[in-house]
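Please open the model in your viewer and keep the selection panel at hand.

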Amino acid sequence: MLWAMDFVDQYNKLIQPHISSHPLYFLQNAFVLKQIMQDLKMPLYGDAFQNAVAEKIARFSDEHAEQLNAYLSGETNLNSICHDFIQFIFDSNHNEQLDADVTKQVLSVNIIDSSDFVVKTLLAQHPFRDEIKIFGFGLGDGSYEIALKNFLTQQGLIKDARIYGYDPYAMTNGSINYLELNELSNGLTSYDLILSRWALHHVPVSQRWRNYIDVLNCLSPDGISLIIEHGFESHGRPIENRRVYRLLNGFMDVLANISIFPEWFTSTLPSYGKHFYVDYLGYQDVNTFIDYCKQELKADYYETGPLFPWQTVISLTHTR
Ligand SMILES: C[S@@+](CC[C@H](N)C(=O)[O-])C[C@H]1O[C@@H](n2cnc3c(N)ncnc32)[C@H](O)[C@@H]1O
């Protein structure tokens, strides 16, 4: 089940004319930006939301041209630009227009539903024991892990599941067994399903591999780990200007998370979003998980569209 990757070609075709002169031009012009976002089918349904997002990005790009030029020429990283963007959103009170329900609705087609379909298809094909243990890495309040438990039980694929998880900044949920960082490596429990949705790119690279590998080492012999991430640059289909691609992902990431998880940004006042970190994963990162995990694992990749920001779902299972 490898989805057609037409969206990479489509993205290249649409973005190339705008970045060939200078990317800042299209980023600074709300009208052009809105047109491109519509052509890319970025999740911008509804005029008010669409205008608000295009205007925020354009105004930020105008006011922070120097930083953006430094980012585009490789002198500074995406995380630092995202932090400037977070500050800009809160300083200018732009966060007020970001409603969680509207954002979820807006994101649902491109991000939430498309990856959810792949996840459920893979889980439905996977042989599980009657009673399983699910681990959510960066699971927040665990709503998605609970939804998957319900899906598996309702489909008759399992009888029951216990949910465990790790998330240093989560709004905790009483039905979930949250582990501390030093418990990830204790190897006391083995998990049948290890899930990490939109979390690993928020884990600083200094901890990312070690922490996730600690959990992967606890994958049960018949288990499966699913990682859902913002779309990787696809094999043999290079993306025009990776930095612009990641920047657009970063802008959407900041806006979506401020609306859906505002406390992640406001719990660190007087500084906003101190715990927010972003650095997107690629194939190399998955290879690192596999190379350093004690288990013999293999990866399968699934790309989900329709268009920007597409998602990559990675399934890790034992080689046998
Ligand atoms: C975009 S949310 C995704 C939440 C949830 N997995 C979902 O699918 O709805 C990213 C999550 O990553 C968590 N996170 C941030 N830094 C983390 C870290 N260093 N280790 C693990 N999780 C982290 C955040 O607290 C947040 O809950």
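Select α5 and α6, which cross in a left-handed sense (the near helix is turned anticlockwise from the far one by less than a right angle). Helices here are DSSP runs of H or I, at least four residues long, numbered from the N terminus. This is a predicted model, in which local features need pLDDT of at least 70 and side-chain atom pairs count only at pLDDT 80 or more, while totals for chains, interfaces and linings use all residues. Residues are numbered from 1 along each chain as its sequence is written.

Helix α5 covers residues 65-72 and helix α6 residues 78-91; their axes come within 10 Å and cross at roughly 160° (axes are lines fitted to C-alpha atoms over the stretch in contact, with angles from 0 to 180 degrees between N-to-C directions). α5 is therefore roughly antiparallel to α6, the term for angles over 145 degrees.

Next, display Q67, L68 and Y71 of α5, which meet L78, I81 and D84 of α6 (contact: C-beta atoms, placed from the backbone, within 7 Å).

Now colour domain 1 (6-105 + 241-266) and domain 2 (129-232 + 280-318), whose bounds come from an automatic or database domain assignment. Their C-alpha centres lie 28 Å apart. At the boundary, 13 residues of domain 1 are in contact with 11 residues of domain 2. On the domain 1 side, α10 gives the most, with 4 residues.

Finally, select the ligand: of the 16 residues around the ligand, G138, G140, Y169, R197 and A199 come nearest (near: C-beta atom, placed from the backbone, within 6 Å).

Definitions and conventions:
Helices (H or I, at least four residues) and strands (E, at least two) are DSSP runs, numbered from the N terminus. Angles under 35 degrees count as roughly parallel, over 145 as roughly antiparallel, 65 to 115 as roughly perpendicular and the rest as oblique. Two residues are in contact if their C-beta atoms, placed from the backbone, lie within 7 Å.
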